[in-house]
Amino acid sequence: MTASTVLQSILDPAGPQAAYISRLWWLMLWVTTIVFVLVLGFLAAALLRRRRATSEQSLARAVVAAVGATVVILFGLLIASVWTGRAVASLGATSAVTIEIVGHQFWWEVQFDDADPSRRVTTANELHVPVGRPVVLKVTSRDVIHSFWAPNLHGKRDLIPGYTTAIWIQADRPAVYRAQCAEFCGKQHAHMALDVVAETEAQFERWLDAQRKPAAEPANESEARGRDAFMRRQCVLCHSIRGTLARGLVGPDLTHLASRGKLAAGTLPNTRGHLGGWIMNSQEIKPGNLMPPNLMTSDELQSLLTYLEILK
Ligand SMILES: [Cu+2]
């Protein structure tokens with residue numbers, strides 16, 4: 001991964017929508033802070049002057065003025081919030097990169113559609129987008145309600161089973177932005193993260209081209225043994241590796257597993273050691289996730305890892 005990872009925060013906006021949201025946040029913070037300070041100021045003044053008599057008339061005038069100011073301020077904030085809601089709803093662009101995101105317990109399926117099915121790209125837990133271009137995310141869920149939230153880019157959006165909604169984002173500078181499931185979806189909800197990799201147009205096209213290729217073929221005996229192990233075991237029932245017989249749709253597509261930075265929705269760095277641990281018993285690492293443990297000899301595991309590592 002080339003770009004640096006930035007802190008996951010709504011206060012560090014990296015796109016137009018997030019900028020609107022953070023501006024609203026600052027406006028509300030300042031307005032409420034000023035109101036708070038004023039109220040405390042009046043309270044202190046009232047305590048200090050309590051012995052002096054005040055005419056009923058001036059008291060009534062003060063109350064009316066305070067109620068008036070409250071109404072004006074609340075209306076102001078309401079207008080700002082409705083305006084922000086409208087502004088973030090769309091980028092008003094006529095063309096955009098369209099990407100489908102499907103939430104699963106507890107990982108993200110990412111699909112780049114294409115009229116030509118052979119050019120369609122399916123990946124998981126990593127979303128690549130070109131910098132400076134509007135992107136439409138069509139989001140839905142296969143099981144329960146999840147919520148897509150990349151705070152540096154946009155607000156939250158629920159992923160609802162059987163229902164697709166669109167969310168516009170645009171990343172203005174290259175970096176890796178962390179997104180997180182923001183709607184409690186089960187035991188491993190907290191381990192359901194997604195990296196949004198914003199890169200230059202050229203890098204993005206190169207990445208997309210690489211993802212379009214079918215999986216790498218084994219080049220030696222150990223890699224071939226690893227692939228046999230994968231095809232012989234239940235892995236094929238749940239995972240797809242394009243260009244092979246593995247067509248499972250229960251778990252993440254593994255065609256280009258080795259190109260991803262992390263494993264299991266941001267839970268582990270993608271290294272050989274972590275991959276081995278995950279395959280042997282992912283329940284130790286992410287208890288309650290939907291992949292069963294796999295008992296195998298160390299020989300079989302090593303060749304399986306050697307094979308999975310060529311899936312760049
Ligand atoms: Cu979730």
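Predicted model: local features only at pLDDT ≥ 70, side-chain atom pairs only at ≥ 80, totals over all residues.
Good morning, colleagues. I begin with two helices, H4, covering residues 221-232, and H7, covering residues 298-308: their axes come within 7 Å and cross at roughly 105°. An angle from 65 to 115 degrees counts as roughly perpendicular, and H4 and H7 are therefore roughly perpendicular to each other. On the H4 side, the contact is made by Ser-222, Glu-223, Arg-225, Gly-226, Arg-227, Ala-229 and Phe-230. H7 contributes Glu-300, Ser-303, Leu-304, Thr-306 and Tyr-307. By class, this contact of H4 with H7 has four nonpolar, four polar and four charged residues.

The protein is divided into domain 1 (16-89), domain 2 (97-211) and domain 3 (221-308). Between the C-alpha centres of domain 1 and domain 2 there are 39 Å. Five residues from domain 1 and seven residues from domain 2 take part in the contact between them. Which helix supplies the largest share of the domain 1 side? That share, four residues, comes from helix H1, residues 16-48. The side of domain 1 that touches domain 2 comprises four nonpolar residues, one polar residue and no charged residues.

H1 also has a helical partner. The axes of H1 and helix H2 (residues 56-89) come within 9 Å, with a crossing angle of roughly 170°. Angles over 145 degrees count as roughly antiparallel, and H1 and H2 are therefore roughly antiparallel to each other. From H1, the residues that meet H2 include Tyr-20, Leu-24, Met-28 and Val-35; among their counterparts in H2 are Ile-73, Leu-77, Thr-84 and Val-88. The contact of H1 with H2 holds twelve nonpolar, three polar and no charged residues.

One further residue of H1 deserves a remark, namely Ala-19. Why does Ala-19 count as partly exposed? It has 15 C-beta neighbours inside 10 Å, whereas a buried residue would have 20 or more and an exposed one 12 or fewer. Ala-19 and Thr-84 are 65 residues apart in sequence, yet their C-alpha atoms are 9.9 Å apart in space.

Finally, I turn to the nonpolar core. The largest one has 53 residues, and those with the most contacts inside it are Leu-153, Tyr-177 and Val-196. Leaving aside its neighbours within four places in sequence, Tyr-177 is in contact with both Leu-153 and Val-196. Thank you for your attention.

Note on methods. Residues numbered from 1 in each chain as written. Domains from an automatic or database assignment. Contact = placed C-beta atoms within 7 Å. Nonpolar A, V, L, I, M, F, W, Y, C, P; charged D, E, K, R; others polar. Core = buried A, V, L, I, M, F, W, Y, C linked by C-beta atoms within 7 Å. Axes fitted to C-alpha atoms, helices over the stretch in contact; angles between N-to-C directions. Parallel < 35°, antiparallel > 145°, perpendicular 65-115°, else oblique.
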